[in-house]
Every structure is written in C-alpha cells, then in structure tokens.
Amino acid sequence: MKQPDAKDETASEAERRRIPGRRASDTAVFDQVAFEEAFVALTDGILLTDAAGRITSANPAAFRILGEDALLDGVFEDLLLVSGATTVQDTDHLVRRAWFPREERMGVLEIVTTPLLGGRKLHTVRDVTAQAELLRLKEEFLMEVAHELRTPIAALSASLDLVFEDALTMSREELQTLAGTLRRSALRLEHLVENLLDAGSIEAGTFQVRVLPTSLRQTLSDMLALVQPMLDAKAQTLRIELATGADHVLADPRRTTQVFANLITNASKYAPEGTPVTIRAVTAGGFVRVTVADKGPGIPADEQARLFQRFFRSRNVREQAGGLGLGLSICRAIIHAQGGDISIESAPDRGTSVHFTLPKARQLAEEADIS
Ligand SMILES: Nc1ncnc2c1ncn2[C@@H]1O[C@H](COP(=O)(O)OP(=O)(O)OP(=O)(O)O)[C@@H](O)[C@H]1O
Ligand SMILES: [Mg+2]
C-alpha cells in the first residue's frame with residue numbers, strides 16, 4: 001500500500017478543493033497489483049499524456065475505443081481529430097461524435113480530462129452512444145408531443161375566436177359545426193393526455209385494471225359518445241354486431257371503453273372518408289372475441305410485428321395522420337392485464353382487423369364454483 005508523499009499532498013490541495021464533494025482529507029489508498037489489473041480490465045478507456053500532450057500510457061479499452069494500433073507517443077488531441085471527431089460541447093468534459101474504427105460505426109464519445117501535476121493529464125474515454133441515442137429519442141418525443149398538442153389547440157382557439165366574434169349572428173347549423181370542432185379538439189387533447197399518462201404508468205409498472213362483470217354493450221355505448229364526432233367528420237359509419245351471449249365479460253369497464261376508443265380512432269384516422277367501420281363480438285370458449293375492422297390502407301407485412309411497440313408508427317401513414325404510436329401498446333397492456341390477448345390481421349389495400357379477447361363473465365364464475 002502506498003500513500004502519496006507530502007509534497008504531492010500540498011500541491012494537489014487546491015485541485016482537490018475544485019472537485020465538488022471531494023475533501024482534502026480524501027487520500028488515495030491503493031494496491032499496486034490490483035490497480036494494474038483494474039487499469040487493464042476497465043471498460044472505459046484511460047490515457048495519460050505528458051506536458052506536451054503525448055500519450056504515455058493507455059489501457060486496452062482505450063485501444064479498443066479509439067481503434068488505433070499505435071496510441072503511444074501520439075498527441076492525444078490529434079488522435080481525436082484523426083478519428084473523425086467533432087466537438088459537440090467544448091469544456092473539460094467533451095462529448096464528441098466519432099468513428100469507431102474497429103466496429104465500423106459512428107458513435108458518441110465522452111472524454112473527461114483531469115489535469116495532473118507537471119502538465120500531465122488523465123483522459124477518460126467512454127462510449128456513450130446508447131445514452132446519446134436515448135437523449136435524442138427523448139428530445140424527438142418531446143417535439144412530437146408538442147406537435148400533436150398544437151393541432152387541436154389551434155383548432156380550439158380558432159373556433160373560440162369565431163364564437164367571440166360571430167356567435168350572435170350565426171345560424172344554428174353554423175353553431176353546431178363550430179361546437180363539433182370544439183368537441184373533437186377537446187376529445188383529441190383528452191385522448192392524448194390520457195395515453196401519455198397511461199404509457200408512463202405502464203413503463204413505471206404501476207398500471208392497473210379493475211376487473212369486474214361488465215356489459216360490453218354499455219362500454220360500446222360509452223365509447224360511441226367519445227368517437228361519434230370523429231366518425232361524423234369523416235362520414236364514416238360504425239356497424240356493431242354483438243352475438244348472443246357476448247355481452248357479459250370480465251373486464252375493467254373504463255379501460256375497455258378506452259380500448260374501443262383507441263381502435264375506432266385508428267380505424268377512423270387511417271381509413272378514407274365514407275368507409276365503414278365494423279365491431280363484431282362473438283363467444284369463443286371461455287372468451288368473447290371482438291374484432292374491429294376497417295377498409296383502410298392496411299399495414300405492410302414487415303411492420304406488423306412492431307405495431308404493439310411504443311412509439312412505432314407505420315411508414316405508409318406517418319405523414320398522413322398525426323399520432324404518437326402509443327394507442328396499440330396501451331390496448332395490449334389493458335387486454336393482457338384482463339387475461340385476454342390481442343392481434344392484428346392486415347394486408348395493404350385490404351383493410352385492417354384488430355382482434356382481442358375478454359374473459360366471459362358467467363363462464364369464469366362457473367369455473368370458480370367448480371374449483
Ligand atoms: N386501422 C389501422 N389502419 C392502418 N394502420 C394502422 C391502423 N391501426 C394502427 N395502425 C398503424 O399502427 C401504428 C400504431 O398505432 P397506435 O394506435 O399505437 O399509434 P398512433 O395511432 O400512431 O398514435 P396514438 O394512438 O398514440 O395517437 C399507427 O401509427 C399506424 O401506422
Ligand atoms: Mg392510435
């Protein structure tokens with residue numbers, strides 16, 4: 001075990017005070033052999049440079065990350081330029097885009113430089129590509145949320161302007177149209193905020209459903225109140241076919257209404273004006289099997305496996321209609337939490353059918369009696 005000598009201690013006193021949370025009394029305690037092992041095993045690259053900026057030591061991770069076979073004696077700064085790096089943020093703590101030659105990919109490097117005595121420097125080089133990507137996705141997501149909020153808010157405020165200026169002179173029909181726009185915009189905002197909150201609680205593991213004997217017919221009628229203005233605006237008709245025995249299910253009524261609202265919103269949003277949307281419910285063993293079908297553009301086969309992933313949006317509709325890509329992932333969380341399953345059947349230009357199952361109320365009650 002080696003203690004730093006008294007001269008080092010005094011000279012680095014000021015340096016120690018500069019680092020937040022570090023005390024002057026925090027002396028280094030290390031075992032030479034273990035330290036060497038750690039230097040070799042570390043996944044972060046560590047380099048030491050002399051007063052002229054030349055590399056005097058480098059661990060294997062530094063060779064791997066920087067991809068240079070001859071690191072020693074090279075000038076650290078030049079090396080980063082040669083590696084194709086550009087500075088993103090210029091402080092002691094640099095984040096640089098860089099080419100990772102051994103893996104043949106672009107990535108992001110974080111370089112932290114700590115001055116040592118006599119002009120020497122210690123550089124830590126870390127691959128932070130994954131964190132940078134996460135940050136980029138977060139920023140992109142925030143932009144998308146803002147964009148999604150802007151449309152209904154703009155419609156709300158334009159309609160309210162009209163109310164203030166012309167409400168007294170408007171005909172009944174004009175007022176009805178205006179009220180329709182106000183309602184649709186408010187519903188869209190409500191839908192968006194509800195989906196965002198649910199996505200957050202699914203991610204946090206706090207998402208819950210309250211399953212109880214529920215009338216499917218009732219949830220459909222609650223859903224209609226929500227989606228009718230949207231269907232009307234696109235002159236789409238909704239046909240509901242509920243088979244005998246398919247009304248009583250074991251489900252969370254509010255959540256089931258939400259599943260229907262999400263699926264009908266998708267059908268209405270992505271299918272053309274004037275097309276029909278159908279909801280069918282039939283009994284199948286201990287379950288009620290529900291299908292929501294539209295005559296929209298369908299979904300390319302290679303994308304179908306990803307539809308239930310958060311934020312995924314198909315390339316063929318992304319430009320045409322707004323959305324955050326949350327609806328289907330929330331529907332799946334609800335259906336699974338209730339003990340059912342959900343799947344999609346779709347073919348380009350042939351429309352989309354979403355199938356899901358809900359446990360039948362009476363059947364399950366009978367099963368419970370037997371056991
Ligand atoms: N009925 C449908 N017809 C065509 N494509 C669909 C249909 N339903 C879903 N999709 C595709 O699946 C993607 C994911 O749907 P989801 O409901 O999860 O998100 P969204 O509708 O884009 O946004 P959000 O529901 O969060 O407002 C959609 O972006 C769309 O590409
Ligand atoms: Mg949706």
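This is a predicted model: local features need pLDDT of at least 70, side-chain atom pairs count only at pLDDT 80 or more; totals for chains, interfaces and linings use all residues.
Close-up 1. Residues are numbered from 1 along each chain as its sequence is written, and chains are lettered from A and ligands numbered from 1 in the order in which they are written. E104 sits in the loop between β4 (93-100) and β5 (105-115); helices (H or I, at least four residues) and strands (E, at least two) are DSSP runs, numbered from the N terminus. Its phi is positive, near 50°, and E104 is not a glycine. Most residues other than glycine have a negative phi.

**Close-up 2. F311, another positive phi.** Here phi is near 70°, again in a residue other than glycine. Look for F311 in the loop between β11 (287-294) and α10 (327-337). F311 counts as partly exposed because it has 15 C-beta neighbours inside 10 Å.

**Close-up 3. The shell around ligand 1.** Ligand 1 has 22 residues around it, and the closest are R313, S314, G323, G327 and L328 (a residue is near a molecule if its C-beta atom, placed from the backbone, lies within 6 Å of it). α9 (253-270) and α10 each put in at least two residues, with α9 giving the most, four. By type, the shell splits into 10 nonpolar, 10 polar and two charged residues (Ala, Val, Leu, Ile, Met, Phe, Trp, Tyr, Cys and Pro are nonpolar, Asp, Glu, Lys and Arg charged, and the others, Gly among them, polar).

**Close-up 4. K234 and its partners.** K234 is in the loop between α8 (216-233) and β8 (237-242). Setting aside neighbours within four places in sequence, K234 is in contact with S268 and E273 (contact puts C-beta atoms, placed from the backbone, within 7 Å). K234 and S268 are 34 residues apart in sequence, yet their C-alpha atoms are 7.5 Å apart. With 14 C-beta neighbours inside 10 Å, K234 counts as partly exposed.

**Close-up 5. Helix α7, end to end.** The 33 residues of α7 (residues 172-204) should span 48 Å at 1.5 Å a residue, and the end C-alpha atoms agree at 48 Å apart (the expected span is 1.5 Å times one less than the number of residues). Its buried residues are R184, S185, R188, H191, N195 and A199, and their cover includes α6 (129-166), α8, α9 and α10. After α7 comes G205, with a positive phi near 80°.

Terms used
A residue is buried if 20 or more other C-beta atoms lie within 10 Å of its own, exposed if 12 or fewer, and partly exposed in between; C-beta atoms are placed from the backbone. Two residues are in contact if their C-beta atoms, placed from the backbone, lie within 7 Å.
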